[in-house]
Amino acid sequence: MTPVIRRARPGDHLLIRELQQEVAALHYEGRPDLFQKEGRYYSEEAFARLLAKPDEFIWIAEADGKAVGYAFALVQRARNNATFRDFNRFYIDDVCVSSACQRQGIGRLLMEECKQQARRSHCHTIDLGVWSFNHNAIAFYESCGLKERERRMELILPDEEMIDVSGTVLETDRLILRPFRETDLEDFYAYASVEGVGEMAGWPHHTSMETSRRVLDSFICGRNIFAVVWKETGRVIGSLGLHESWTAEKTEYRGLRCVDVGYVLAKAFWGRGLMPEAVRRVIRYGFEECCLDALTVCHFEENDRSRRVIEKCGFRYVDDNVWHAEQLDKDFVEKRYILMRP
């Protein structure tokens, strides 16, 4: 097999789809928290727009009428920058060689085309990005003469830490969801001290204002729990928190950005449809603003009120689990549910 390297033509977006899927699978395996499992493909129109740009270049490595590799690159021109001198750089956006055809010199042929075009475009450097998990690619680029120029560093926050509601206010027809305040203590104690409210969530009802104060302080410091405010009176009547999800324990949800929704509502407001209203608003917030992949939720087996909230909000039942409530020193069978991003 002797591959031919040529410039891409209209219609080649169909020829490279299988290769794009290989790239997507490689990236998903390395960083499932960032990459989608299924690759996204160029439409005919989008591919034609790339081909029409004078500073963008696409090469296809073709053998026996089949694409065995490709390279996407573009010329970037830095001008009048406060830090850098004026210069042109040749940025290689994507290089792929079919896994079945690697170590046959195809990658080097594609890189040579990039080098020649970089010279023709009067570029000072050839740049590209490579993920640190992709050891084979790093070794290949180094063998082509590329050297590390800079390092990008990251700190991956746990999902429950990623969501800080301390500056967030959400609104529904009848409710306001906002961060807790120290001035909410009396309202908090008023509903948390009612027998049967906390017990449905795994904690004993409060028997002193001091207990409520300690818990309220933890809510404020944790920054992941909304106070549920009844618009009609401005009083706090419940809480809705975003916590670490049980999906972290399951391999089938590997890489999923997900938090668990937990809620409590004052007993005097049960049966009015308020909690489904609040949860639906938080679902929108989680998907649209926090870029979550999923939300989970649980309820104790005997808690039919919570079950109805969960079902009304579209969650799908997954399994049962035995959960030990330390504050009550009691085991509960809990039903676990998930709602995936649409």
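Leu 155 is exposed, at 72% relative accessible area (exposed is over 50%, buried under 20%, partly exposed in between; 1.4 Å probe, protein chains only). The model is predicted: local features need pLDDT of at least 70, side-chain atom pairs pLDDT 80 or more, while totals for chains, interfaces and linings use all residues. Residues are numbered from 1 along each chain as its sequence is written, and side-chain values use heavy atoms, without hydrogens and water.

**Exercise 1.** Find the loop that holds Leu 155.

*Solution.* Look between α5 (135–143) and α6 (159–162). Leu 155 sits in that loop. Helices (H or I, at least four residues) and strands (E, at least two) are DSSP runs, numbered from the N terminus.

**Exercise 2.** Trace the open sheet of 8 strands.

*Solution.* Read the order: β6-β7-β8-β9-β10-β11-β13-β12, with mixed pairing. Next, take the edges: β6 (170–171) and β12 (316–325) each pair on one side only. Pairing needs at least two DSSP bridges. Then check β10 (258–265) and β11 (294–300): they run parallel, joined by 4 bridges. Here Val 259 stands opposite Leu 295.

**Exercise 3.** Work out which parts the salt bridge between Asp 187 and Arg 235 ties together.

*Solution.* Start with the distance: the closest N and O atoms are 2.6 Å apart. A salt bridge is a Lys or Arg side-chain nitrogen within 4 Å of an Asp or Glu carboxyl oxygen. Now place the partners: Asp 187 lies in helix α7 and Arg 235 in strand β9, so the pair ties together parts 48 residues apart in sequence. Finally, compare burial. Asp 187 is buried at 11%; Arg 235 is partly exposed at 44%.
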